[in-house]
Amino acid sequence: MAKREGTPKIPAAVREDYWGQGVDLKRFFLCVQGRLWTVLAAALAGALLAAALYAIVRQVTMGPPKYRAEVLFFIGYDIREEDEVLKEFINEYNAYTWGDMMKSDRVVLPVMEAVPEADRQEIEDSLSTEIASDPEFLTAYFTTEDEELSNRIAVAYIGAMAAFGETMQGRGLTGIEAWKTVPAARVVPENRAANAAALGAILGLVAGALLLAGWYILDDSVLLESDLSHRYGLRVFGYRTRKPEARWEAALNENLTYRARKEAFREVLLEEVTGEEIDYDTLREAPLLLLIQQGTPCLRRLSPILFTLALQDVTVKGAVITEADNRFLRLYYGRPLRHRLLQEGADPMEEDL
């Protein structure tokens, strides 16, 4: 049986053309602008969640409180301006890890004698060092879970380092002495909750944006004539807006009037061709003009409806999008040319020429 003229055709080429259209960025922005708060909410939720998780992990892994004493050692080098050998010696000597030197038997054994309640491993574990940019200064830190123990280890190292420096006289050093001591104070681990919150906000922002994009892709609401023409090749005669507007009414009336002069047709609500009890005999009496309300999530529903109508030899001439949002159409299509020219003070006839 030959298809009647006007029956909707949805060949593969039309579907491929639809999927090859790309993203209508203007449509996308107008659809998501009212939902951008969800992205901000996701960013805020991500920040709060990340900060809370960081606080929990920090509290769990912090362990018992620790106390750290600090000593700034001055290392005197026997150097003369013209002595290049000693200058090279200082550079090489400074490259050594002073932490390893302070853990050697020549230094740590006297410390163990002065602090008998701590074993060697505990003393060595308490020690950490920093080499300043000036090779003559060395900062040593002594950290334990006991405030008094940290102070005692620091005092013991002051004596042990001074004795070690004396043994190095004549070998490039003049001596080692403590220039500054800081009593043990509780170590407060660095709180990076702000960094965690910032990372969580970024991840939340990305997740919110992806969810919003996913919603837009999955949303199949009819908003524009392109939604019907690109996917189904269905001709859209125009829009009926919520508030009557001459711009859209005039164009729609002209299209309907011209089509009515060529052949009779009947306007049918989309709901009338859905469901179980449909009078196809009545629908075959005249070509149909489907009235589809804007915002109706029906793009997926239309495909089986149009195929069924085609199989029933019901001719569908096109569609009209009803209850269209005036503001949405105005933002998408822009103001009419005549309206813009009148505001700019130009002559519309001259512009057309």
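Student: Which residues does Ser-221 touch, not counting residues up to four places away in sequence?

Tutor: In this predicted model, Ser-221 touches Arg-27, Asp-227, Gly-295, Thr-296, Pro-297 and Leu-299, with residues up to four places away in sequence left out of the list. Ser-221 itself lies in the loop that runs between helix 9 (193-218) and helix 10 (225-232).

Student: Is Ser-221 buried or exposed?

Tutor: Buried means under 20% relative accessible area. Ser-221 has 10% relative accessibility, and therefore counts as buried.

Student: With which side chain does the side chain of Ser-221 make a polar contact?

Tutor: The partner is the side chain of Asp-219, at 2.9 Å.

Student: How is a pair of aromatic rings described?

Tutor: One gives the distance between the ring centres and the angle between the planes. The count here comes to nine aromatic pairs. For Tyr-332 and Tyr-333, the ring centres are 5.0 Å apart and the planes stand at 85°, so this pair is edge-to-face.

Student: Are Tyr-332 and Tyr-333 buried or partly exposed?

Tutor: Tyr-332 is buried, at a relative accessible area of 17%, whereas Tyr-333 is partly exposed, at 31% relative accessibility.

Student: Which charged end sits over the ring of Tyr-332?

Tutor: That of Lys-26, which is placed 5.9 Å from the centre of the Tyr-332 ring. Tyr-332 thus has Lys-26 over its ring and forms an edge-to-face pair with Tyr-333.

Technical notes: Residues numbered from 1 in each chain as written. Predicted model: local features only at pLDDT ≥ 70, side-chain atom pairs only at ≥ 80, totals over all residues. Heavy atoms only, no water. Helix = DSSP H or I, 4+ residues; strand = E, 2+ residues; numbered from the N terminus. Buried < 20%, exposed > 50% of the residue type's maximum accessible area, 1.4 Å probe, protein only. Polar contact = N/O pair within 3.5 Å; in protein donor to acceptor, adjacent residues only side chain to side chain. Contact = heavy atoms within 4.5 Å. Phe/Tyr/Trp six-rings, centres within 6.5 Å; stacked < 30°, edge-to-face > 60°. Lys NZ or Arg CZ within 6 Å of the ring centre and 35° of its normal.
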